[in-house]
Amino acid sequence: MTDGGQAFQTICGSTMPSSNDPDSFISDYNTTKQLEVLIRKKSKAGNKEEAQFILEVWKPNRLLKSVNLTEMDAHGDVYMDAELGSLAINQKGTKIAYVAEEKRPKSEPFFKGFGASVVSKKKGMIVLELA
């Protein structure tokens, strides 16, 4: 970011998620390549429970790449909280790393309804993507 965050506002405009919700996006900036990388969490239309995660790569005033990580179906939710949320781009601007839930096969429990518990996080994994 430059000019106290002004360039970031110019690049992304009104498409940026609200800064009032720290769990709505994570980002990193590569000063050498002037690349802004971010992952946004967007609620699906009409369904706040189900979210989509969008990876965006920006160069000043231009969106270079946008990938719907949810549609790729390579992993579960991307962690964006203070505990595990992390996103990094390498110095060459060619690789991106972030933490997401491991994709688990859908299966039926052995005893249906027996011992069900609610856990906010599943087994995590580190994901590397090419920019």
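User: Leaving aside neighbours within four places in sequence, which residues is Asn68 in contact with?

Analyst: Asn68 is in contact with Gln52, Phe53 and Ile54, where contact means heavy atoms within 4.5 Å. This is a predicted model, in which local features need pLDDT of at least 70 and side-chain atom pairs count only at pLDDT 80 or more, while totals for chains, interfaces and linings use all residues. Residues are numbered from 1 along each chain as its sequence is written, and side-chain values use heavy atoms, with hydrogens and water left out.

User: Why is Asn68 called buried?

Analyst: Buried means under 20% relative accessible area, with a 1.4 Å probe and protein chains only. Asn68 has 16% relative accessibility, so it counts as buried. Asn68 is found in strand β4 (residues 62–68).

User: What makes the pair of Asn68 and Gln52 side chains a polar contact?

Analyst: A polar contact is a pair of N or O atoms within 3.5 Å, one able to donate a hydrogen and the other to accept it; residues adjacent in sequence count only if both atoms are side-chain atoms. The two side chains come to 3.3 Å, and the pair counts as a polar contact. The Asn68 side chain also reaches the backbone nitrogen of Glu71, at 3.1 Å.

User: Where is confidence lowest and highest in the chain?

Analyst: pLDDT is the predictor's confidence in each residue, from 0 to 100. Helix α1 (residues 6–12) has the lowest mean, 34, and strand β5 (residues 87–89) the highest, 94. Over residues 1–20, pLDDT stays under 50. Where pLDDT is low, the predicted coordinates should not be read in detail.

Terms used: Helix = DSSP H or I, 4+ residues; strand = E, 2+ residues; numbered from the N terminus. Buried < 20%, exposed > 50% of the residue type's maximum accessible area, 1.4 Å probe, protein only.
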